[in-house]
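Here are a few notes on this model, written as I went through it. Have it open next to you while you read.

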Amino acid sequence: MGDESEITIDCSFTKEISVLFRCRCNNKVYDNLIKLKNHEKTKSHIAWQCEKELRELRISLKRCQEQNERLEQANIKVKKEYHRQKRINIELIELQEQHELQRQQ
Ligand SMILES: [Zn+2]
């Protein structure tokens, strides 16, 4: 292995670095990890990060609220059905009792 192959490896590594060290907040490419890490300490990056996390939280909160509403609606339906069945049972018992009384007379 000579110097050429080492240079080739360096080139591909450099290409990879230019992709890896891009920050999504401003789409800028940083020369190395230290520069990127330093950028990540800046107010503008931190503000972007907070905004992003807040957005994700809002989305998950909205999903939770929607799920909660669906569960509440389902719960109301179940309760209504339970009370309906209960009424039917009471009516049936009353009918059976009336029938029983009529037979005894
Ligand atoms: Zn950034």
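1. A word on terms before the fold: helices here are DSSP runs of H or I with at least four residues, and strands are E runs of at least two, numbered from the N terminus. With that in hand, this predicted model reads α-α-α along the sequence. The protein chain has three helices and zero strands.

2. How far can you trust it? The mean pLDDT of the protein chain is 86, and 81% of the residues score at least 70. Confidence is lowest in H1, with a mean of 48, and highest in H3, with a mean of 96. Where pLDDT is low, the predicted coordinates should not be read in detail.

3. What about burial? Of the 105 residues in the protein chain, 0% count as buried.

4. From first C-alpha to last, H3 reaches 90 Å, close to the 92 Å expected at 1.5 Å a residue.

5. Ile46 sits in H3, which covers residues 43-104. Is Ile46 buried or exposed? Ile46 counts as exposed because it has 12 other C-beta atoms within 10 Å, and the cut-off for exposed is 12 or fewer. The C-alpha atoms of Ile46 and Cys25 are 9.4 Å apart, with the two residues 21 apart along the chain.

6. Asn27 has a positive phi, about 65°, although it is not a glycine. Where is Asn27 placed? Asn27 belongs to the loop between helix H1 (3-20) and helix H2 (33-40). Asn27 is exposed too, because it has 7 C-beta neighbours inside 10 Å.

Conventions:
Residues numbered from 1 in each chain as written. Predicted model: local features only at pLDDT ≥ 70, side-chain atom pairs only at ≥ 80, totals over all residues. Buried ≥ 20, exposed ≤ 12 C-beta atoms within 10 Å, placed from the backbone. Expected span 1.5 Å × (residues − 1). pLDDT = per-residue confidence, 0-100.
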